[in-house]
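Student: Before we discuss this model, could you show it to me and take me through the terms as they come up?

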Amino acid sequence: MIRLLWLDYLATLRERKTWLCVAMLAYALVAIPVVLARPPDHVRAAIAAWFGDATPFQIFMYVWIDLTMNKVIAFLPVVIASGVVLRERDTGVLPLLASKPLSIPRYFVVRALSACAVMVTLHVATQLAGAAYFTARVPGFRPGPFLGAMSLHAFAALFATALCAAIAAWVKHRGASALIGFATLGGLVGLSLIGFYQPAWRGITLANPITLGALGLGSLDHLGPAVLGPPMLALAALTALTIAVGAAGVRRMEA
Amino acid sequence: MNQAIEVNALGKRFGEVTAVDGVSFAVAAGEIFGFMGHNGAGKTTTLRMLLGLTRPTAGSARVLGRDVVHETLEVRRNAGYLPASYSLPPDMTARGFLHYIAAMFALPRGVAAARADALLRRFGLEREADRPLRGFSTGMAQKVGIAQALINEPAVLLLDEPTSGLDPLGRHELLEMLRALARERGVTIVFSSHILSDVEALCQRVAVMHRSRLVACDEVERLKDAHGARTMDDLYLALVRREAA
């Protein structure tokens with residue numbers, strides 16, 4: 001199963017849709033320092049209202065997490081995972097694969113894990129490239145806290161990908177599952193930082209997995225295992241649970 | 001004789017539609033068994049039930065002594081299958097796809113590579129082995145489809161219309177290869193085809209399905225004698241007309 005997972009991961013990395021994702025991430029990387037150099041007035045006003053005495057690095061991290069990477073994890077997981085197993089079924093590949101000694105639920109698990117691995121690879125590669133690029137382009141940039149906060153965010157990306165795969169498994173139609181996945185992730189992303197703006201709602205928003213992924217934003221000066229560990233574990237557990245739920249969804253699927 | 005496949009009163013209903021109705025037959029180990037019938041006769045559904053891809057609603061079947069419902073994965077571990085209708089993943093190469101299928105059987109990497117190379121060589125695909133499958137012709141894709149069915153060196157091979165898309169030379173080579181597999185390695189082959197001359201050239205015994213039911217199952221020559229048929233076409237028409245009468 002490990003070898004199959006590895007081969008599936010490599011095959012997914014080579015797909016055209018993955019290169020579309022790479023292009024989007026590359027654009028975000030290059031564009032954000034340019035946007036931040038002359039932010040639009042409404043962004044500047046919002047930042048002043050929410051982060052009155054914030055440092056330039058905190059403002060950069062808000063922009064990077066909320067305006068960039070949160071949008072990325074509302075869209076890229078849909079591209080990567082909303083057709084898991086369904087595309088094989090719709091294109092006629094599944095009759096070949098389903099005749100092998102691997103049940104469709106187990107095959108779903110392989111495909112979902114592979115999609116998660118691809119998403120995390122893209123996420124991590126973007127942060128590593130960003131750490132190098134932003135150091136040169138963004139005044140006051142701190143690579144350590146940046147990588148710490150974004151390592152937690154990678155777990156949110158992992159969960160988002162698993163969620164899209166699970167939605168696909170239950171919806172069973174590629175177009176509908178992409179729409180529902182995008183709407184669901186869009187909703188979660190849209191509500192993810194409410195706790196930062198409205199501290200009274202902070203407790204409730206912790207139920208939002210995307211909020212857990214952005215918790216580093218509130219602790220940039222003291223990121224460590226105690227801050228990052230619990231949300232990472234929670235997101236990893238949620239991811240495993242979500243994939244299991246997805247596997248149950250394809251139990252009765254026929255090739 | 002040792003039976004590789006035993007089918008007993010196997011049936012499948014999709015709602016009100018009966019796709020397969022009380023089919024019974026047996027295939028001996030190492031035999032090449034022909035499966036004939038028009039479109040919608042129930043051949044594909046029967047083959048799919050033998051692999052546990054479709055759950056029977058009546059009867060039972062055993063492949064290599066394993067129950068197709070309760071020991072599905074064990075059946076598949078020792079079987080190769082080529083569906084009548086399928087596609088190959090367009091972004092994968094032929095070699096990559098064979099390695100991928102080998103991984104589904106948990107074959108070690110070295111074994112998988114050696115078998116993939118041997119199959120690519122056998123089907124004359126070495127030069128195209130590292131090209132994406134999206135550019136493959138129908139015949140080349142069919143060869144890859146047959147190669148994937150052989151990657152696990154199966155004891156039972158279920159082929160649904162395997163010669164469709166192949167040119168005359170490719171068809172001849174495939175039939176020769178299937179004969180060699182049965183003769184040299186004792187592989188049991190169920191060969192489902194519309195091309196009656198292929199069935200006659202390859203199979204000693206055949207089963208004929210018509211409107212979800214098995215209407216004949218015997219040696220080709222004996223069936224021909226019994227129905228006064230000189231050719232396979234005559235035989236098939238005689239059997240179908242007898243059922244229609």
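Tutor: Let us start with a definition: the radius of gyration is taken over C-alpha atoms, and the globule rule is 2.2 Å times the number of residues to the power 0.38. This is a predicted model, in which local features need pLDDT of at least 70 and side-chain atom pairs count only at pLDDT 80 or more, while totals for chains, interfaces and linings use all residues. Residues are numbered from 1 along each chain as its sequence is written, chains are lettered from A and ligands numbered from 1 in the order in which they are written, and side-chain values use heavy atoms, with hydrogens and water left out.

Student: Which elements make up chain A?

Tutor: Helices and strands are DSSP runs numbered from the N terminus (helices H or I, at least four residues; strands E, at least two), and by that criterion chain A has 13 helices and 0 strands. Chain B, in turn, has 9 helices and 10 strands.

Student: Why is chain B called as compact as a globular protein of its length?

Tutor: Its radius of gyration is 18 Å, close to the 18 Å that the globule rule gives for 245 residues, and therefore chain B is as compact as a globular protein of that length.

Student: How many of the residues in each chain count as buried?

Tutor: Buried means under 20% relative accessible area, with exposed over 50% and partly exposed in between (1.4 Å probe, protein chains only). By this cut-off, 53% of the 255 residues in chain A are buried, and 52% of the 245 residues of chain B.

Student: What makes up the contact between the two chains?

Tutor: Contact means heavy atoms within 4.5 Å, and on that basis 23 residues from chain A and 27 residues from chain B take part. Buried area is the accessible area (1.4 Å probe) that two parts lose on being put together, summed over both; between chain A and chain B this is about 2,400 Å², of which carbon and sulfur atoms give 62%. In chain A, the residues that lose the most area to chain B are A:Leu96, A:Lys100 and A:Pro101, together 29% of what that side buries.
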